[in-house]
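Here are my notes on the model you sent over, point by point. Have the sequence and the 3D view open while you read.

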Amino acid sequence: MAASLVRLARGVGVRADLGCIRAWSSEARGGGITGAVLQGNPVPADPSGSINSEEQQKKQKENTANAKRIVLRMAGLLGIAGSGAVVYIFGSNSMDEQGNTIPDEFDHDPPVLQQFKRTYKYFKDYRQMIIEPTSPKLLPDPLKEPYYQPPYTLVLELTDVLLHPEWSLATGWRFKKRAGIDNLFQQLAPLYEIVIFTSETGMTAFPLIDNVDPHGFVSYRLFRDATRYTDGHHVKDISCLNRDPSHVVIVDCKKEAFKLQPYNGLAIKKWDGDSDDRTLYDLTAFLKTIAVSGVSDVRTVLENYSLEEDPLETFKLRQKQLEQEEQQRLSDLSQLSKRQTMSLGSLTSRLWPRSKQQ
């Protein structure tokens, strides 16, 4: 009897344990287990696991710091090697066509100092080449008889004055031609020596000028390397043009382009590609008026328009006002002439009877 009770108790315990295990496994599959068993005491946390995770984090941080140090050292070594290569290449003596060394003013210095001085001089000259115009005389001397030299010089910007750049995903960069270019060239070529002076590079601007001027009205072409780089702007210095400044007119959409000689420039509005734009026709009339009038110093004229937001519109208004004043003057003269004629007629009518009686 006692043996059977023991077996029964053991069976019940086994079944109970099996029930707990089944319940625990089902809860685990359902996501309900949070680290505690349904029956019995809770499982204590393992302190060795947290210690291992902290050690792994420390190792990762150390590995990252080591990798950064290695990268910085490699970058430093590459920088030193690159600097040494630059000093060696640009600090060596120049060679002639036969491969012989060309002596210079640094030959008597120590070898290492020679390399550094030549490198410094090279980059200083290169910087100067970017900042300063390529030559103190950008244009050749004026033509002499029997050749014809126009009395004035017109300096035109290409971008946003004659052409407007447009970009699309399908075509890329394209340049739209402004209305009135052909008329401007034809009307002003006999009066002005036309020079395209642009802040674009020659590689970009040369084919564009060929397209804009197929008949060859443009006398000379100057590009970005001929400008003077000042305060972030490519400035066109008239003193380097080899022309009389009193007969030079610069047309640009940026006043910074002629800030060294502000009274030689005419700042027109930037063209946005509008097909109905008539600015070049107004510009042609303005410049033709200056040339035909024989102005001795264009700066005296352009100074009056230097503060105007739209100088060409101001010119049109003043021209219209002068025309109205001239018409009024002619009308007054006509009325005065009529009065004089009427008074002469009345005088004759008075004198005629007297002469007849005599």
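1. Start with glutamate 157 and lysine 236, both of which are buried. This is a predicted model, so keep that in mind throughout. The two side chains meet in a salt bridge, 2.6 Å from N to O. Glutamate 157 sits in the loop between strand 1 and strand 2, and lysine 236 in the loop between strand 7 (233-235) and strand 8, so the pair ties together parts that are 79 residues apart in sequence. As for lysine 236 itself, it counts as buried because its relative accessibility is 2%.

2. Lysine 236 has another partner to look at: its side chain also meets that of aspartate 252 in a salt bridge, this one 2.7 Å from N to O. Aspartate 252 belongs to strand 8 while lysine 236 is in the loop between strand 7 and strand 8, so this pair joins parts that are 16 residues apart in sequence. Is aspartate 252 buried or exposed? With a relative accessible area of 3%, aspartate 252 is buried. Put together, Glu157, Lys236 and Asp252 are linked in a network of salt bridges.

3. While you're there, click on aspartate 237. Aspartate 237 forms a salt bridge with arginine 228, and the closest N and O atoms are 2.8 Å apart. Aspartate 237 is buried, at a relative accessible area of 6%. Arginine 228 shows 18% relative accessibility, and because the cut-off for buried is under 20%, arginine 228 counts as buried too. If you want the total, the count comes to 15 salt bridges.

4. Next, strand 1 (residues 152-156), which is mostly covered: five of its five residues are buried. Which residues point which way? Tyr152, Leu154 and Leu156 point one way, Thr153 and Val155 the other, and all are buried.

5. Which strands does strand 1 pair with? One of them is strand 4 (residues 192-197), in the parallel sense over five bridges. Strand 8 (residues 248-252) also pairs with strand 1 in the parallel sense, over four bridges.

6. On to the rings. The structure holds five aromatic pairs. In one of them, phenylalanine 185 and phenylalanine 217 are tilted, at 6.4 Å centre to centre and 35° between the planes. This pair links distant parts of the chain, with phenylalanine 185 in helix 4 (residues 181-188) and phenylalanine 217 in the loop between helix 5 (202-212) and strand 5 (220-222), 32 residues apart. Phenylalanine 185 counts as buried at 1% relative accessibility, whereas phenylalanine 217 is partly exposed, with a relative accessible area of 27%.

7. Phenylalanine 206 and phenylalanine 223 have ring centres 6.0 Å apart and planes at 40°, so this pair is tilted. Phenylalanine 206 lies in helix 5 and phenylalanine 223 in the loop between strand 5 and strand 6 (228-230), so the contact ties together parts that are 17 residues apart in sequence. Phenylalanine 206 counts as partly exposed at 39% relative accessibility, while phenylalanine 223 is buried at 13% relative accessible area. Elsewhere, ring pairs link Phe286, Tyr305 and Phe315 into a cluster.

8. Now have a look at the surface. Trp167, Leu169, Trp173 and Phe175 form a nonpolar patch there, with about 560 Å² of accessible area together. Leucine 169 is found in the loop between strand 2 (163-168) and strand 3 (172-177). With a relative accessible area of 78%, leucine 169 is exposed.

9. Last stop: threonine 119, in helix 3 (residues 111-131). Threonine 119 is buried, with a relative accessible area of 9%. What does threonine 119 touch, leaving out residues up to four places away in sequence? Val86, Val87, Phe90 and Gly91. The C-alpha atoms of threonine 119 and phenylalanine 90 are separated by 5.1 Å, though the two residues are 29 apart along the chain.

Note on methods:
Residues are numbered from 1 along each chain as its sequence is written. This is a predicted model: local features need pLDDT of at least 70, side-chain atom pairs count only at pLDDT 80 or more; totals for chains, interfaces and linings use all residues. Side-chain values use heavy atoms; hydrogens and water are left out. Buried means under 20% relative accessible area, exposed over 50%, partly exposed in between (1.4 Å probe, protein chains only). Helices (H or I, at least four residues) and strands (E, at least two) are DSSP runs, numbered from the N terminus. Two strands pair if DSSP finds at least two bridges between them. Contact means heavy atoms within 4.5 Å. Patches are made of residues with over 30% relative accessible area and no salt bridge: like charges are joined within 9 Å, nonpolar side chains (Val, Leu, Ile, Met, Phe, Trp, Tyr) within 5 Å. Accessible areas come from the Shrake-Rupley method with a 1.4 Å probe; for residues, only the protein chains shown count as cover. A salt bridge is a side-chain nitrogen of Lys or Arg within 4 Å of a carboxyl oxygen of Asp or Glu. Rings of Phe, Tyr and Trp (its six-membered ring) pair if their centres lie within 6.5 Å; planes under 30 degrees apart count as stacked, over 60 as edge-to-face and the rest as tilted.
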